[in-house]
Amino acid sequence: HALEEVEPDYWDERMAVNLRHQFFCAQAVVPMMRRAGGGSIVNIGSVSWLKAQGGMPAYTAAKAAVRGLTRGLARDLGPDRIRVNEVVPGWVYTDRQIALWVTPEAEARSQAGQCLKGRLQPDDIARMVLWLAAEDSAMVTAQSFVVDGGGS
């Protein structure tokens with residue numbers, strides 16, 4: 001979306017789709033996590049704003065805000081032993097991405113920037129989320145983990 005074309009309703013929708021649910025999900029589960037003596041919240045960001053990608057200012061603004069939400073909640077919830085982290089995916093090759101945006105040229109540009117060549121798969125993101133949700137990461141909070149094959 002172009003800067004000049006963004007209307008308030010579209011802006012609000014991008015915030016709702018990419019940020020709002022992460023806040024309200026945390027708000028909903030925190031009472032149960034407090035009663036349980038702790039827990040783990042994992043937010044999902046995007047490398048788009050880290051890489052200064054253009055052409056989608058509402059999306060990149062929402063995804064950048066995930067970092068602030070993650071770090072602020074980590075500070076607020078740490079005393080309750082609730083960890084809050086962020087997974088920051090690169091270009092994940094979902095069926096939707098492949099159908100709408102993957103062209104040989106776009107894939108070549110993406111691969112050229114990655115240290116580890118190959119298509120990033122949903123399972124690559126899921127494994128990082130599972131580690132952050134597990135006790136293996138018991139002393140990890142307020143962190144962002146980029147999973148993008150070394151492309152950012």
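Predicted model: local features only at pLDDT ≥ 70, side-chain atom pairs only at ≥ 80, totals over all residues.

A: Tyr-59 sits in helix H2. Setting aside neighbours within four places in sequence, Tyr-59 makes contact with His-1, Asn-18, Ser-46 and Ser-48. As for Pro-89, 30 residues separate it from Tyr-59 in sequence, and the C-alpha to C-alpha distance is 14 Å.

Now for the nonpolar packing. The largest nonpolar core has 15 residues, and the members touching the most others are Leu-19, Val-30, Ile-41, Leu-73, Leu-77, Ile-82 and Val-84. Two or more residues come from each of helix H1 (8-36), helix H2 (57-77) and strand E2 (82-89). H2 supplies the largest share of this core, with six residues.

Not counting residues up to four places away in sequence, Val-84 touches Ile-41, Asn-43, Thr-70, Leu-73, Ala-74, Leu-77, Thr-141, Ala-142 and Gln-143. There's also a second, separate core of seven residues, with Val-92, Leu-120, Leu-132 and Val-147 among them.

Last, the cysteines. The structure has zero disulfides. Cys-25 has 48% relative accessibility, so Cys-25 counts as partly exposed. Cys-115 comes in at 64% relative accessibility and therefore counts as exposed, the cut-off for that being over 50%.

Notes: Residues numbered from 1 in each chain as written. Heavy atoms only, no water. Core = buried A, V, L, I, M, F, W, Y, C linked by side-chain atoms within 4.5 Å. Buried < 20%, exposed > 50% of the residue type's maximum accessible area, 1.4 Å probe, protein only. Helix = DSSP H or I, 4+ residues; strand = E, 2+ residues; numbered from the N terminus. Contact = heavy atoms within 4.5 Å. Disulfide = S-S within 2.5 Å.
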